[in-house]
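The stops below tell you what to select and what to look for.

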Amino acid sequence: MSEKILLTADPGAGFRAHADELRAAVERVLTSGYYILGPEVEAFEAEFSAYQGGGHTVGVANGTEAIELALRAVGVRAGDGVATVANTVSATISAIEQIGARPVFVEIDSATMLMSPAALAETLTQSAVPVRAVVPVHLYGQPADLGAICAQAQARGIPVVEDCAQAHGARWAGRRVGTWGAAAAFSFYPTKNLGALGDGGAVFSGDAAVAERVRRLRQYGWRQRYLSEEPGRNSRLDELQAAILRVKLRYLDAENAHRARLAARYCAAARSLPGLVWPTVGTQAEHVWHQFVVRTQKRDALVEFLSARGIRAGVLYPVPAHRQPAYAQAISLPATERACAEVLSLPCHPGLTEVDVDRVLAALKEWPTP
Ligand SMILES: *Cc1c(COP(=O)(O)O)cnc(C)c1O
């Protein structure tokens with residue numbers, strides 16, 4: 001009997017779960033005659049804003065450009081420092097570099113693997129490059145300590161731009177991520193908790209002026225058609241993706257709850273698997289489990305062991321940003337470097353069942369830890 005391969009993400013399953021509705025949405029767009037920035041984008045922006053509890057959403061082409069445009073809209077310019085973490089995907093850093101700004105890396109909390117507020121305080125007072133924005137990354141679906149981070153940034157008049165690409169629907173202290181900072185960036189890459197069937201992204205802001213500026217920047221700096229008010233770019237969300245996202249948004253909470261059930265099943269087995277370090281969830285955090293991440297010093301061996309059993313564990317991310325050839329900095333971030341060497345993601349997405357989780361747990365129990 002050949003068992004099914006368990007993947008860390010399965011966008012195809014996400015399509016099949018809502019196939020009829022998605023096909024109908026696509027058909028509606030095909031026959032509408034509107035393909036870019038039309039009624040579907042407008043409706044999605046309104047629905048996503050409502051999901052956030054009010055505010056303004058501006059659909060853009062992808063999550064990387066959402067970060068870039070959000071940073072520009074809060075005033076970041078070439079030469080400015082932008083404080084962020086190094087255990088993130090290259091996209092976060094690439095967005096900063098697109099502006100000609102400089103990433104200033106902040107050490108993480110070694111338990112949650114999220115931006116350490118204490119380290120941020122140190123960075124804000126000591127950085128050689130003046131920091132003009134802070135970008136906490138809600139990594140794996142868990143909010144960073146937004147209370148402490150926003151308080152510190154606010155005390156210095158520095159805007160916070162939240163990287164929410166992995167955390168649609170997560171909350172900190174009962175309030176949705178994306179509503180804490182001056183602006184927030186979302187990605188709708190197909191594997192995200194809210195995923196399109198292609199590229200997509202959005203900037204969210206409670207501040208109408210910030211949102212208005214992103215609206216200009218996403219289309220050549222136009223305030224009105226054919227009149228560029230400031231230098232902008234093309235970063236538009238298309239109608240097909242917006243229509244698809246409107247369907248997917250209706251299932252986001254249910255799918256996040258499904259992820260949480262699978263995560264709870266993993267966590268319930270933690271005591272019987274002492275060879276692994278299990279996730280630490282902050283007391284104020286409502287985690288949406290974009291990734292279920294455990295740690296071991298024998299990470300690469302465990303990835304191989306699971307792979308041989310049809311279980312694909314992901315590694316997000318093996319090389320921290322300050323060790324990437326493109327962004328190398330001669331600094332040392334011991335907690336970040338340790339995390340990158342030890343993390344692996346166990347399969348945890350809405351296309352899986354608790355039986356699948358039990359199969360992963362059974363495999364882990366066979367793993368000969370010393
Ligand atoms: C996916 C992701 C991005 C980039 O989103 P794209 O849509 O792929 O450009 C940025 N930051 C984080 C943390 C991500 O996971």
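This is a predicted model.

**Stop 1: a glycine in a loop**

Select Gly198 and display its surroundings. Apart from residues up to four places away in sequence, Gly198 contacts Phe188, Tyr189, Pro190 and Gln241. The loop that holds Gly198 runs between β8 (183-187) and β9 (201-205). Is Gly198 buried, exposed or partly exposed? Gly198 has 22% relative accessibility, so it counts as partly exposed; the cut-off for buried is under 20%. Gly198 and Leu240 are 42 residues apart in sequence, while their C-alpha atoms are 9.2 Å apart in space.

**Stop 2: a histidine in another loop**

Select His138, in the loop between β4 (131-135) and α7 (146-155). Its relative accessibility is 0%, so His138 counts as buried. Which residues does its side chain meet through polar atoms? One is Glu162, whose side chain makes a polar contact with the side chain of His138 at 2.9 Å. Another is Ala144: its backbone nitrogen lies 3.0 Å from a polar atom of the His138 side chain. Show the wider surroundings as well. Leaving out residues up to four places away in sequence, the residues that His138 touches include Leu114, Leu146, Cys164 and Val177.

**Stop 3**

Next come the salt bridges, of which the structure holds 23. Side chains of opposite charge can pair when their charged atoms come close.

Select Glu68 and Arg72. Their side chains form a salt bridge, 3.0 Å from N to O. Both residues belong to helix α4 (residues 63-73) and are four residues apart, about one turn of the helix. Glu68 is buried because its relative accessibility is 1%, whereas Arg72, with a relative accessible area of 28%, is partly exposed.

Arg233 is partly exposed, at a relative accessible area of 24%.

**Stop 3**

Select Glu229 and Arg223, whose side chains meet in a salt bridge at 2.8 Å, N to O. Glu229 has a relative accessible area of 43% and is partly exposed; Arg223, at 54%, is exposed.

Note on methods
Residues numbered from 1 in each chain as written. Predicted model: local features only at pLDDT ≥ 70, side-chain atom pairs only at ≥ 80, totals over all residues. Heavy atoms only, no water. Helix = DSSP H or I, 4+ residues; strand = E, 2+ residues; numbered from the N terminus. Buried < 20%, exposed > 50% of the residue type's maximum accessible area, 1.4 Å probe, protein only. Polar contact = N/O pair within 3.5 Å; in protein donor to acceptor, adjacent residues only side chain to side chain. Contact = heavy atoms within 4.5 Å. Salt bridge = Lys/Arg side-chain N within 4 Å of Asp/Glu carboxyl O.
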